[in-house]
Every structure is written in structure tokens, then in C-alpha cells.
Amino acid sequence: MYGGSSVSAGRRALLGAGAGAAAAAFFGGSGRAFAEIEALERAIAEFGGEAGMAGGRGPLSLTLPRIAENGNSVALSFSVESPMTAEDHIESVVILAPENPYVRIATFHFTPMSGTAKAATRMRLARTQDVIALARTGDGRRYRAQERVEVTIGGCGG
Amino acid sequence: MAARVRAKIPESVTVGEVFTIRTLVSHRMESGLREHADGRLVPRDIINRFEATFEGERVFAVDIEPGIAANPFLEFTARIEKAGTLVLSWTDDAGEVTTYTQGIALA
């Protein structure tokens, strides 16, 4: 169901390290098995796979802080340059956090009435990782960008 | 759910102008992986979908997962060609929908 060993290693690091402890609380800190954790591979496959993303980030840009003091709430924004016409527009963008218990963070759906393929939100980060954005157009062109975010211990005792 | 929602939407825009909408909804966004002190899991309870429609047509939507932070914040843009009503809706795991409606005039 999911990449067993890599997820276990990630979880051990999550439990052992102090970093992101507050965010880790939201994702569970016991020995429970993450039976329903999505694998990164499955999330990418569900978005249409890696094929066709050789062009890299193309018009897609992803913005995240280099360092997140608090993994509970990390500001994220992205923008995909596009005419956003009926014939040529970005249809969806998915944000993935490979080291989170649930890899898929959100899927954003756009139409020409969106005006732009831009959005901002706040996400949870269980630990330091590369956050990935995948974008696709109505006619199947796909792009990928990623940004590394370091999650530190926030507040006192850091 | 009866969540508290806040939205910042312009009251009037010019035809075809891209404008920004900011929204905030109060919600704990329980991931379902957190535990009570006694080890019992706190059940999952999140907002899982946001939609914005203008005069019935979809402008923007998000499929939201547990990795979105509590009190979900969403900012996005829109572009309209006529005056009308914008409807924002948030749906939670129980299927309850909270909506926020505002008219937008043409300047």
C-alpha cells in the first residue's frame, strides 16, 4: 500500500527528532502503523504520472519559506503562467509533501474564470523536506517544481 | 459545521480585470492521526473541499487533505465579464456545507 521502509525511516526520524514536534503531534506520535499513508509514487501516478514532465518547471513557480519555525502552519503559494483561455489554461495543480503521513496536501482546480493559475494557502509540514508542485494543462502538458523547507523547533526551548 | 468564515472580495471590478479573493474558515482540521493522552485516536474531521462559483459557473475549487493547516486560508483570483453573485462553499467530512455569498458589481 505504501513504501514501507522509506516511510518507517521517515517516521522514526519524526518521532526521534525534536524538530517539527508540534506538527508531528497532528500526524501522530505513537507506534501506530500508517496503514493508509499515500506513497509519493501513487500521488504522482494519480495526477497523470511523471511522463511529459521532462520540461521541468516551465511556467510553474512554487514559493515556500526556506526555514519554517512552526511546521503547523507554513505559507505556500504557487503561480503557473498561462493565458487561461478556454483553449489554453491550467486545469489543476497538486501539492505533495513526501515526508508527511499524507503526501497529498491539496489539489487546486482552475478554469478560465480563475483569471490566473495562482493560489496561496498554509500547509502542515511534519519535518524538513522537498515540497513538490505538479501542474497540468487542459491538453495534458505537465510541469513539476519543488522547494526545500527546513522545519525547526519554534518558540521556547529551541 | 457552522464554521466561521471570512472573505475579502472586492465589491466592484472592471470587466475582465483579474482580482484577488482571500478566504479564511475556522476549523481544527483534525488529521485523524493525533492521539488523546490515553492513546485513543482523535477522529479525522476536516474541511475537504472548497468551491467558488460565479453566477453558477465554477471559478476555482480545491480538494483539501489533512495536510492543510488548521483554519484553512485560501487566496486565489477571478475574472468576470458581468456583474453577479459569487458563492464560496466549504464542505466538511460529514458533508456539511458552509457558504458565503457576495455580489460583485461592474465598475
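**Close-up views of a predicted two-chain model**

**Figure 1. A bridge between the chains pairs A:Thr107 with B:Asp63.** In strand β5 of chain B, the bridge partner of A:Thr107 is B:Asp63. The model shown here and in the other views is predicted. A second pair belongs in this view: A:Ala106 stands opposite B:Ile64, again in β5(B). The strand on the chain A side is β5, residues 104–110. This strand and β5(B) pair in the antiparallel sense, over 5 bridges.

**Figure 2. One open sheet takes strands from both chains.** The sheet has 10 strands, and the pairing is mixed. Which strands stand at the edges? They are β2 (67–68) of chain A and β2 (12–13) of chain B. Each has a single partner strand, so one side of each is left without a neighbour in the sheet.

**Figure 3. Chain B meets chain A through 28 of its residues.** These 28 residues of chain B are in contact with 30 residues of chain A. Two elements of chain B give two or more residues to its side of the contact: β5 (57–64) and β6 (73–79). The largest share, 8 residues, comes from β5(B). What kinds of residue make up this side of chain B? They divide into 16 nonpolar, 4 polar and 8 charged.

**Figure 4. A:Met123 sits in the largest nonpolar core.** This core has 63 residues. Those with the most contacts inside it are A:Val93, A:Ile95, A:Met123 and A:Ala133. Leaving aside residues up to four places away in sequence, A:Met123 touches residues of both chains. In chain A, A:Met123 touches A:Val74, A:Leu76, A:Ile95, A:Ala97 and A:Ile105. In chain B, A:Met123 touches B:Gly67, B:Ile68 and B:Ala69. In soluble globular proteins, nonpolar side chains tend to be buried together.

**Figure 5. B:Leu24 lies in strand β3 of chain B.** This strand covers residues 18–25. B:Leu24 touches B:Val5, B:Arg6, B:Asn71 and B:Phe73, not counting residues up to four places away in sequence. B:Gly84 is 60 residues from B:Leu24 along the chain. The C-alpha atoms of B:Leu24 and B:Gly84 are separated by 22 Å.

**Figure 6. Chain B is built with 8 strands and 0 helices.** Along the sequence, the pattern of chain B is β-β-β-β-β-β-β-β, which gives the 8 strands and 0 helices of the title. The C-alpha atoms fill a box of roughly 60 × 20 × 20 Å, taken along the principal axes. Of the 107 residues of chain B, 31% count as buried. Among contacts in chain B between residues at least 6 apart in sequence, 56% join residues at least 24 apart.

**Figure 7. Chain A has 3 helices as well as 8 strands.** From the N terminus on, its elements run α-α-α-β-β-β-β-β-β-β-β. Chain A has 158 residues, and buried residues make up 47% of them. Among contacts in chain A between residues at least 6 apart in sequence, 70% join residues at least 24 apart.

Note on methods
Residues numbered from 1 in each chain as written. Chains lettered and ligands numbered in written order. Predicted model: local features only at pLDDT ≥ 70, side-chain atom pairs only at ≥ 80, totals over all residues. Helix = DSSP H or I, 4+ residues; strand = E, 2+ residues; numbered from the N terminus. Contact = placed C-beta atoms within 7 Å. Core = buried A, V, L, I, M, F, W, Y, C linked by C-beta atoms within 7 Å. Buried ≥ 20, exposed ≤ 12 C-beta atoms within 10 Å, placed from the backbone. Nonpolar A, V, L, I, M, F, W, Y, C, P; charged D, E, K, R; others polar. Pairing = 2+ DSSP bridges.
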